[in-house]
Amino acid sequence: QVQLVESGGELVQAGGSLRLSCAASGRTFSAGTMGWFRRAPGKEREFVAAFRRIGGYTYYGDSVKGRFTIAEGSAKNTVYLQMNSLKPEDTAVYYCAASRLESPYYSDYGRETFYDSWGQGTQVTVSS
């Protein structure tokens, strides 16, 4: 089992930036994919970004393309989500997720069932 701990969420003004971190630990950390999802109040959880560790491929949800960047840390057990040009609609609890799998299909990365470990979430609030 992989344990995931998110950090970095806070209150920020629209147009600002934040960087979220996700630290992974566990008996054997061998995730094929690390990802970020978010859940806004009253909405379903939404795919934000994923990092395919072999090859370093990245995938993004349509609402964050061009503004958010997912990257693996040098320690290989940390993944970051750099969020720029934040909007009030980015307000949500952001969740880190890990999967033992990897896939050549974008659609797989947006499925919650693709991931087998989840963090507790970190709150991001963007004020207008």
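Y105 is found in the loop that runs between strand 9 and helix 1 (106-109), where helices (H or I, at least four residues) and strands (E, at least two) are DSSP runs numbered from the N terminus. At 54% relative accessibility, Y105 counts as exposed; the term exposed stands for over 50% relative accessible area, buried for under 20%, and partly exposed for values in between (1.4 Å probe, protein chains only). Between the C-alpha atoms of Y105 and Y80, which are 25 residues apart along the chain, the separation is 22 Å.

The model is predicted, and local features need pLDDT of at least 70, side-chain atom pairs count only at pLDDT 80 or more, and totals for chains, interfaces and linings use all residues. Residues are numbered from 1 along each chain as its sequence is written, and side-chain values use heavy atoms, with hydrogens and water left out.

Y80 also takes part in a contact with a charge: the charged end of R19 sits over the ring of Y80, 4.0 Å from its centre. The criterion is that NZ of Lys or CZ of Arg is within 6 Å of the ring centre and within 35 degrees of the ring normal.

F37 belongs to strand 4 and Y115 to the loop between helix 1 and strand 10 (117-118), so that the pair links distant parts of the chain, 78 residues apart. Both F37 and Y115 are buried. The pair of Y59 and Y106 is tilted, because the ring centres are 6.4 Å apart and the planes stand at 50°. Since Y59 lies in strand 6 (residues 57-60) and Y106 in helix 1, the pair ties together parts that are 47 residues apart in sequence. Y59 counts as buried at 12% relative accessibility, whereas Y106, at 39%, counts as partly exposed. Ring pairs link F37, F47, Y59, Y106, Y109, F114, Y115 and W118 into a cluster.

The nonpolar cores come next, each being a set of buried Ala, Val, Leu, Ile, Met, Phe, Trp, Tyr and Cys residues joined through side-chain atoms within 4.5 Å. In the largest, which has 28 residues, W36, L81, M83 and Y94 touch the most other members. Among the elements that give two or more residues to this core are strand 3 (18-26), strand 4 (33-39) and strand 9 (92-99). A second, separate core of 8 residues includes F37, F47, Y59 and Y115.

The structure holds 1 disulfide, a pair of cysteine sulfur atoms within 2.5 Å, and it joins C22 to C96 with an S to S distance of 2.0 Å. The link is left-handed, with -80° about the S-S bond, and it connects C22 in strand 3 with C96 in strand 9, 74 residues apart. C22 is buried at a relative accessible area of 0%, and C96 is likewise buried at 0%. In the antiparallel pairing of strand 1 and strand 3, which extends over 6 bridges, E6 stands opposite C22.

Notes. Rings of Phe, Tyr and Trp (its six-membered ring) pair if their centres lie within 6.5 Å; planes under 30 degrees apart count as stacked, over 60 as edge-to-face and the rest as tilted. Two strands pair if DSSP finds at least two bridges between them.
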